[in-house]
Amino acid sequence: MPRQAGKGLKFYQRRSVRRRIAMVVTYAGLSIVGITMVLPLVWMLSTALKNDASIYSIPPEWVPSDTKHYVTLDGEEEEVRLLRRRVKAELADPADKESLRDSVRTDEAGLLDLYEAQLRGGGEDLSAAGIADAPVRVKVVEAYSVVKLHPGDPEKEKVLEVPSDEVTRRRVIAPQWSNFARAVKSINIGRAYINSIFITLVITAGQVLTSSLAAYAFARLEFPGRDKLFLGYLATMMIPGAVVLIPTYIVIRYLPDILNKVFSPEAQVFSRELFLFGKYAVGKVVGIDSYFSVIVPAMFTAYGTFMLRQFFMGIPKDLEDAARIDGCSAMGIYRHVIIPLSKPALATLAVFTFMGSWRAFMWPLIVLSSEDLYPIPVMLRSFQDAYTVEYNLLMAGALIALVPTVIVFMLAQRYFRAGIRLGAIKG
Amino acid sequence: MSKLRKLLVGLAFLSPNLVGFLVFMFLPVIASLVLSFTTFDLVNLPKLTGLGNFRDLLVGDQSEQFYQAARNTAFLMLGIPVSILGSLFLAMVLNQKFRGMVFFRTVFFLPTICAGIAVLMLWRWILHDDGLLNALLKQIGLKGVRWLNEPEWIRPAIIIMQTWMTVGGMNMILYLAALSNVSPELYEAAEIDGAGTWRKFWAITWPMVSPTTFFIGVMSVIRGFQAGFEAAMIIADGAGPGGTTRFLSYFIYERAFMIYRMGLASAAAWLMFLAVLTLTLLNWRFGGRRVIY
């Protein structure tokens with residue numbers, strides 16, 4: 001049966017209708033996946049803005065809120081701080097007086113003055129609250145709240161007693177922006193930021209420079225052993241980081257001793273601690289606990305060289321020949337032909353390196369022991385170890401750490417996607 | 001130019017990278033191999049033990065935890081096919097031309113951008129006993145699970161987290177690129193021949209993206225061997241309940257930097273390397289043949 005005719009078909013069998021239905025299903029499915037992707041991040045922000053009391057609220061609260069109390073005085077509603085809820089009660093059986101503990105207060109009228117919370121089980125049993133020796137029944141006469149008017153203002157502050165039913169409580173939206181400031185104060189995030197930016201920038205610059213030089217040699221210069229060497233580079237991409245980790249650590253650890261012995265047996269320059277402006281600790285010269293040890297081993301990767309080589313290979317050779325005829329040296333061609341034409345590829349490598357070193361965790365964790373030098377990921381971990389239950393502060397700190405990656409991604413999105421494809425040209 | 005001159009110019013360009021490469025890649029690989037035949041605790045000089053470390057790992061007193069680490073890592077890799085197929089599925093949906101595609105693509109990519117310690121901290125909070133996941137499960141009437149404290153639940157939890165982080169990431173972008181290269185005429189021809197959605201997938205899409213699947217698969221396995229360290233450190237406080245998050249990466253870290261058995265750790269790293277190498281070569285040999293270019 002010809003499908004496009006539409007006649008003789010049921011409504012849902014028509015092509016246009018089926019198309020619509022397919023579209024709706026697609027959007028619905030995509031939205032579900034999209035929400036799954038975003039929801040945890042929304043939860044992160046929501047938690048970061050919660051006050052300490054509502055972190056663990058059940059059911060989970062998506063909008064950071066706070067319970068506020070109000071009383072109406074002279075026709076005007078005023079916000080108050082609830083200090084305690086109390087009740088005045090009388091004994092159901094006056095004979096029970098014997099069982100009451102001495103800590104129970106009575107007022108002038110002979111009524112018991114109790115905390116509301118002590119009346120569990122409808123006041124059946126004050127012994128459960130620990131204020132009577134035997135089960136004692138009471139009847140509530142009056143419930144009242146002790147509230148503070150104008151809290152925080154020493155001049156107008158006033159404590160009042162009001163009947164409990166005159167206190168209205170409301171859940172209001174109250175994002176605690178101060179959590180971010182608290183997180184910054186709890187750990188030295190500022191210093192970690194500076195460390196991360198410094199480390200990341202140097203690694204990125206170093207990688208782009210050394211990789212592009214090497215990639216140019218592999219792509220365009222002809223010399224004996226070139227292809228074999230390149231294969232060697234490629235092969236190392238398969239070696240797990242764990243293999244090189246340990247010897248590199250050993251080298252870093254003994255580097256100051258070796259350098260001192262050779263170059264500075266008297267002054268021991270290489271194991272000195274450095275201070276910027278005489279007061280900011282910036283770690284040792286080399287070795288454990290130095291910027292050197294975080295930066296330098298991360299500066300050379302086969303990946304960057306490989307990626308740029310692939311790109312350089314695609315640049316027309318004619319341009320280069322023309323430059324050579326004009327008397328350009330290899331260095332001149334690299335600087336005036338290759339680099340200007342490869343800006344997208346260089347940017348791509350820079351973005352990838354930035355993202356990679358910004359989130360690097362294991363190596364800095366191993367070679368740094370002084371908190372002054374911690375980059376953000378390592379700092380976050382000690383933050384987590386120190387603040388085990390304050391998830392609002394932890395999430396605030398984590399969000400602060402995410403800001404630069406998100407910004408870099410947004411600015412460099414197209415390079416990012418291009419880079420993913422470039423890396424996949426060849427396995 | 002003479003041959004020597006060419007060599008010198010070439011080496012001049014290479015040298016900044018090559019020196020770093022030799023010092024931080026080539027030499028360490030050799031050194032690591034040498035170390036794996038010694039015992040070294042950073043204080044006393046390395047002592048040769050022959051195959052002692054390998055014996056300890058494979059049949060000796062370290063074998064129980066080493067095999068556990070291998071099993072844990074293998075368990076984690078169970079998430080790889082799920083994540084790859086998920087990426088392919090999402091890419092196929094996104095590949096239809098419709099409005100809002102760029103928006104969804106960006107949203108799916110969000111977890112990949114944010115990946116790192118910060119997001120692991122977020123997941124520790126989500127998987128907490130009183131965390132979001134259990135609360136949501138409760139709301140739909142299911143009993144929650146102590147994700148972080150039960151030996152049988154922490155690895156599935158990490159797989160869930162990793163799938164969330166990777167499914168809309170790099171792999172999906174790679175598949176999108178691959179799919180955009182598939183000519184629409186193929187599908188039209190298949191439709192004329194009466195092929196349904198399922199048949200079109202198996203006869204056209206799947207073979208056409210097979211090089212990408214192969215590439216992603218190989219890379220994922222290589223990465224999979226080293227995975228889990230950050231998750232173990234941040235979410236499970238190390239080895240996890242009953243050692244269930246002592247992945248190979250964590251095992252090596254633990255031996256090298258917590259009890260300073262550098263030789264043993266190097267041997268473990270080399271065993272891992274050999275496993276990666278074997279699997280990759282097998283992949284190339286058998287997987288590579290079935291791939292249609």
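Mentor: In this predicted model, the contact draws 67 residues from chain A and 69 residues from chain B. On the side of chain A that touches chain B, the elements that each give two or more residues are helix H1 (15-48), helix H3 (189-220), helix H4 (226-236), helix H5 (241-263), helix H11 (362-367), helix H12 (376-386), helix H13 (391-411) and helix H14 (413-423). The one that gives the most is H1(A), with 13 residues. If you sort that side of chain A by class, you find 48 nonpolar, 13 polar and six charged residues.

To place these helices in the chain, keep in mind that chain A holds 14 helices and nine strands, and that its domain assignment gives domain 1 (11-47), domain 2 (65-173) and domain 3 (181-423). Between the centres of domain 1 and domain 3 of chain A, taken over C-alpha atoms, there are 39 Å.

The overall form of the chain can then be read from its dimensions: the C-alpha atoms of chain A fill a box of roughly 115 × 100 × 40 Å along the principal axes, and the radius of gyration of chain A is 35 Å, whereas a compact globule of 427 residues would have one near 22 Å. Of those 427 residues, 33% count as buried. Finally, among the contacts within chain A that link residues at least 6 apart in sequence, 66% join residues at least 24 apart.

Key
Residues are numbered from 1 along each chain as its sequence is written. Chains are lettered from A and ligands numbered from 1 in the order in which they are written. This is a predicted model: local features need pLDDT of at least 70, side-chain atom pairs count only at pLDDT 80 or more; totals for chains, interfaces and linings use all residues. Two residues are in contact if their C-beta atoms, placed from the backbone, lie within 7 Å. Helices (H or I, at least four residues) and strands (E, at least two) are DSSP runs, numbered from the N terminus. Ala, Val, Leu, Ile, Met, Phe, Trp, Tyr, Cys and Pro count as nonpolar, Asp, Glu, Lys and Arg as charged, and the others, Gly among them, as polar. Domain bounds come from an automatic or database domain assignment. The radius of gyration is taken over C-alpha atoms; the globule rule is 2.2 Å times the number of residues to the power 0.38. A residue is buried if 20 or more other C-beta atoms lie within 10 Å of its own, exposed if 12 or fewer, and partly exposed in between; C-beta atoms are placed from the backbone.
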